[in-house]
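Hello,

I am passing on the structure we discussed, followed by notes on what turned up in it. Please look it over when you have time.

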Amino acid sequence: MFTGIIQGMGRVKGISRNTKDKSAFLLQVDLGAHARGLKSGQSVALNGVCLTAVRISKQTCTFEMIQETARLTSLGGLRTGQTVNIERSLKAGDRLEGHFVLGHVDGTATITKILKLPKEVRMWFRFPKKLEPYVVKKGSIALDGTSLTITAIKSNTASVSLIPHTLKNTNLCAKKTGDLLNIETDILGKYIQRNLPK
């Protein structure tokens, strides 16, 4: 489990096919200081996608990514040298300062507009129509693993406000119109929607 509070950014060092399983990919990421204490088999969220560390060499960690993950998330379009948001899994007793994030993304959203304001950046994005019941004004959403609050909604387009701290500490500062974002809606909303009377 994660919180959507990004701990830092890593750099993609390589992407290759798994020689043992041609349907899977191996993603190598320099985690920097965030590799400290990480063990094989533990989970790390990269751009909001929960992946398992399969090999660690100093600061570089190798993650195995199945074909479905590459197809359904923006990780399939990663290139060497790009940065990814990093969040290590939550420890018992840690503060929950964002919201409950599982790292099981619902799909991708497309950035439709970016407006730079004096004290924030307003970002609009178009999300899959099937997610409309789970996207609510003032509700929580994870975009590329970052816990954000929805500021406005119109049909299947919504906006979030990015404060300077978020822009400094996540890769959202480098996003542009047309880019894809991994989107995960609030798990609590999903459970509520699932159990509504029919």
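**Strand pairing and the barrel**

Leucine 46 has isoleucine 86 of β6 standing opposite. Please bear in mind that this is a predicted model. The two strands concerned, β3 (residues 43–46) and β6 (residues 83–88), run antiparallel and are joined by three bridges. The β3–β6 contact belongs to a barrel that six strands close, in the order β1-β2-β5-β4-β3-β6, with antiparallel pairing. From one strand to the next, the twist averages 45 degrees.

**Hairpins**

Strand β9 (residues 140–143) is held to strand β10 (residues 146–154) by four bridges, and the two run antiparallel. Leucine 143 has threonine 146 in β10 as its bridge partner. Two residues separate β9 and β10 in this hairpin, and aspartate 144 in the turn has a positive phi of about 50 degrees.

β10 is also joined by four bridges to β11 (residues 157–162), again antiparallel. Here isoleucine 153 has alanine 158 in β11 as its bridge partner. This hairpin likewise has two residues between the strands, with serine 155 at a positive phi near 55 degrees.

**Aromatic side chains**

There is one aromatic pair in the structure. The ring centres of phenylalanine 125 and phenylalanine 127 are 6.2 Å apart and the planes are at 55 degrees, so the pair counts as tilted. Phenylalanine 125 is buried, at a relative accessible area of 0%, and phenylalanine 127 is buried at 2%.

Separately, lysine 113 lies over the face of tryptophan 124, 4.8 Å from the ring centre.

Regards

Notes: Residues numbered from 1 in each chain as written. Predicted model: local features only at pLDDT ≥ 70, side-chain atom pairs only at ≥ 80, totals over all residues. Heavy atoms only, no water. Pairing = 2+ DSSP bridges. Axes fitted to C-alpha atoms, helices over the stretch in contact; angles between N-to-C directions. Phe/Tyr/Trp six-rings, centres within 6.5 Å; stacked < 30°, edge-to-face > 60°. Buried < 20%, exposed > 50% of the residue type's maximum accessible area, 1.4 Å probe, protein only. Lys NZ or Arg CZ within 6 Å of the ring centre and 35° of its normal.
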